[in-house]
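Subject: Structure for your review

Dear colleague,

Please find below the structure that I am handing over to you. Kindly look at it first, and then read the notes that follow.

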Amino acid sequence: MTIRVQTADFDLNAELAQLRQDNPGIGAVVSFVGLVRDINDGQNISAMELEHYPGMTEKALEKIVVQAQERWDLINTLIIHRVGPLQPLDQIVLVAVATRHRGDAFAACEFMMDYLKTQAPFWKKEQTPEGARWVDARETDDLALQKWAEGAE
């Protein structure tokens, strides 16, 4: 399990190579990379700033990984989440899972991302032509989380 909250960008290929390094038991790696969009809720976005509580954020992310490990047979996991000022097209988050079989990898990656979107203490502020605004949680994120509470796997 690797968890990093950082301002610096990450190299997807290097991170995935490290995740599966020297483990011939890995049969599948699934990853998700979230990017800053230039439009949200119909408004142009020129920049975004992500804030978090150091220490608390990492503990929340670790709890998400532990929950995934309890559901699926995971060999290795990686979460990198960026904070600070970001621009459209910048990478925000990487969630990656290494397993023996693809089904566990897909399910665990989706689970971790759904929980991260709703349970991890991050706050987004977007810069629009009308000024800065804080981004509220989306109903669709809460609905995605509900399917896991109902035992979908």
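Two strands are said to pair if DSSP finds at least two bridges between them. Strands of a sheet pair through backbone hydrogen bonds, either parallel or antiparallel. Please bear in mind that this is a predicted model.

The sheet

In this model, 4 strands form an open sheet with mixed pairing, and their order is β1-β6-β8-β2. β1 (2-6) and β2 are the edge strands, each of them pairing on one side only. From one strand to the next, the twist averages 5 degrees. Within the sheet, β6 (residues 74-82) pairs with β8 in the antiparallel sense, over 7 bridges. I79 stands opposite V95, a residue of β8.

The helices on the sheet

Helix α1 packs on the sheet and touches β1, β2, β6 and β8. The direction of α1 makes about 25 degrees with that of β8. Helix α3 lies across β2, β6 and β8, and runs at about 145 degrees to β8.

The largest pocket

The largest pocket has a volume of about 650 Å³. Two or more lining residues come from each of β2, β3 (39-40), β8, α3 (102-119) and β9 (122-128). The lining has 26 residues, and those nearest the centre of the pocket are K117, K124, V135, R138 and D141. By type, the lining residues divide into 15 nonpolar, 4 polar and 7 charged.

Residues in the loops

Most residues other than glycine have a negative phi. D22 has a positive phi, near 60 degrees, and is not a glycine. D22 lies in the loop between α1 (12-20) and β2 (28-35). Because its relative accessibility is 71%, and exposed means over 50%, D22 counts as exposed.

L89, also not a glycine, has a positive phi of about 85 degrees. The loop that holds L89 is the one between β7 (84-86) and β8 (91-99). L89 has a relative accessible area of 72%, and is therefore exposed.

Is D136 buried or exposed? D136 is found in the loop between β10 (131-134) and α4 (139-149). D136 counts as exposed because its relative accessibility is 64%. In sequence, D136 and Y115 are 21 residues apart, while in space they are 16 Å apart, C-alpha to C-alpha.

Yours sincerely,
A colleague

Definitions and conventions
Residues numbered from 1 in each chain as written. Predicted model: local features only at pLDDT ≥ 70, side-chain atom pairs only at ≥ 80, totals over all residues. Heavy atoms only, no water. Buried < 20%, exposed > 50% of the residue type's maximum accessible area, 1.4 Å probe, protein only. 1 Å grid on protein atoms, 1.4 Å probe; cavity = no way out; pocket = protein on both sides within 12 Å on 5 of 7 lines; lining within 4 Å. Points joined across faces, edges and corners; volume = space filled by probe spheres on them. Nonpolar A, V, L, I, M, F, W, Y, C, P; charged D, E, K, R; others polar. Axes fitted to C-alpha atoms, helices over the stretch in contact; angles between N-to-C directions. Contact = heavy atoms within 4.5 Å.
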